Amino acid sequence: MDWWLFVKVCPQKMAGERPCPLLSVHPSRCLVDEKFEVLCQHLLPALQVTLHALLHSDEGDYWEAFGHYLSDAAGSVRVSEDASLGGSYSGVEPMGLLWSMRPIPGSKPGLRLRKKDVFKPTDVYISLYEGHLNEGFKDKRPLASVVAQRWYTAPGVQRVEVREKGLKGTLFIPPGPGPFPALLDLWGGGGGLVEFRSALLASRGYVSLSLQYIGLMGADGKPHNVGSDYFEAAFSLLKQHPQVCPDRVAMMGLSFGVSVTLGMAAYSSVIKPKCVVCVSGSHVMPVNGSLADVFDEIKKNVKNTRYDEEQRIIWRDLLLPIPDDPSKKVEMGRIKCPVLLIVGEDDQNWPASESAEDMKQMMEQAGNSHLLTILSYPETGHLIEPPYSPHFRASNFMLSETRNKVVVLWGGHTVPHSRAQEDSWHKTLAFLEQHLYSSATVAPGSNH
């Protein structure tokens, strides 16, 4: 449900006095991939003001963004139309109060904002201050404040833990009777179970299984590297689910998950995806190799690890140069379904650009390049996430084998990276709708 929400922070208005400043946001409650409109009214004309956004993350950290504005002749500021004159973003940026967020001064270094509990909204506290401020917001009284709720789950989305057949994952099911198209959602080398993208995909009309496949423990309590049968079991579970259209199951991979996705699509006799989405990844992996084989190949090139001037790790050279040996990369000519590649040209973690170019050449030579769509974004880094998420050029990273914490350079620059996140997400949804919903009877998407 959409509505205008406002909170006034001013004394009771005396007769004949100017109305209290009014701050509103519309919609005040929506999905995280939807835009909102922020409007300030009842200000003096040509008044310098600062709009400040603050949120408290699931991990207990505070993040903020702010823009400097000048009210118009009517005493109003409309963020979707008026230019920020400074702050954490500048220019006309309707969603700058979200994508330019950064940890507040004094926070721990290397933070990354990730949603843990997808059934709790992210409350964004937006406040209006007089003057152009850059700091000290908590010590000043705002003219007005408002709260905007951002959700990863639409009403009615179900979350089901999956522990059968040796799998460890979380299934998200859209509201309604179904059946729905589905996706197998694979994250990268950081391991763990990351749910927010699957929750958002379910909110857009897709059954989505977020699958953990790195950092699993065997029955003996030791680290366990899974084989292709693990992913085949997950894909089969999706196909057999009563609310899934069995011939409309896709795969989506990020980073290391791209290698798995492409390998399964090319070589598995069980996994036959309707389409695949590959974000910031590569096709370089031993043909029919296990995860252990892939890790072994990467370790051989550990000498290629680089560091920037702040000693942040650059891993993109671990797979370079792209091998000519066909046994060391997925045979792209074997892929029979549409492929969407999303590439950040400033990816400092994985050689996504070089890999995309090589995949294109391989598919052109094999005669299946008509299946390939490449979205390549300048000055964009590795972590291409749903729109309006803050950009992280670098962040802390836990090595899965040693559990040591390092700082990894992901790359990208805030404004172009944020543009890429918005553009690629909407094109991903359009790609999925084209290939999974083209003749289905259920209309995709669900509004909060």
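A residue is called buried under 20% relative accessible area, exposed over 50% and partly exposed in between (1.4 Å probe, protein chains only). The model shown is predicted, so local features need pLDDT of at least 70 and side-chain atom pairs count only at pLDDT 80 or more, while totals for chains, interfaces and linings use all residues. Residues are numbered from 1 along each chain as its sequence is written, and side-chain values use heavy atoms, with hydrogens and water left out.

**Figure 1. The ring pair of F397 and W410.** Rings of Phe, Tyr and Trp (its six-membered ring) pair if their centres lie within 6.5 Å; planes under 30 degrees apart count as stacked, over 60 as edge-to-face and the rest as tilted. The centres of F397 and W410 are 5.9 Å apart and the planes stand at 70°, so this pair is edge-to-face. F397 belongs to strand β21 (residues 394–398), and W410 to the loop between β22 (405–409) and α7 (414–436); strands (E, at least two residues) and helices (H or I, at least four) are DSSP runs, numbered from the N terminus. F397 has 16% relative accessibility and counts as buried; W410 is buried as well, at 3%.

**Figure 2. The ring pair of Y152 and F196.** With centres 5.5 Å apart and planes at 55°, the two rings form a tilted pair. Y152 lies in the loop between β10 and β11 (158–162), whereas F196 lies in helix α2 (residues 196–203), 44 residues apart. Both Y152 and F196 are buried.

Figure 3. R150 is buried yet has no salt bridge, E34 being the nearest side chain of opposite charge at 6.4 Å. Lys and Arg count as positive and Asp and Glu as negative; His and the chain ends are not counted. A salt bridge requires a side-chain nitrogen of Lys or Arg within 4 Å of a carboxyl oxygen of Asp or Glu. The R150 side chain does reach two backbone oxygens, that of V32 at 2.8 Å and that of E34 at 2.7 Å.

**Figure 4. The salt bridge between R419 and E93.** The N to O distance in this salt bridge is 2.6 Å. R419 lies in helix α7 and E93 in the loop between β7 (77–78) and α1 (96–99), so the contact ties together parts that are 326 residues apart in sequence. R419 is partly exposed, with a relative accessible area of 40%, whereas E93 is buried at 8%.

Note on methods. A polar contact is a pair of N or O atoms within 3.5 Å; within protein, one must be able to donate a hydrogen and the other to accept it, and residues adjacent in sequence count only if both atoms are side-chain atoms.
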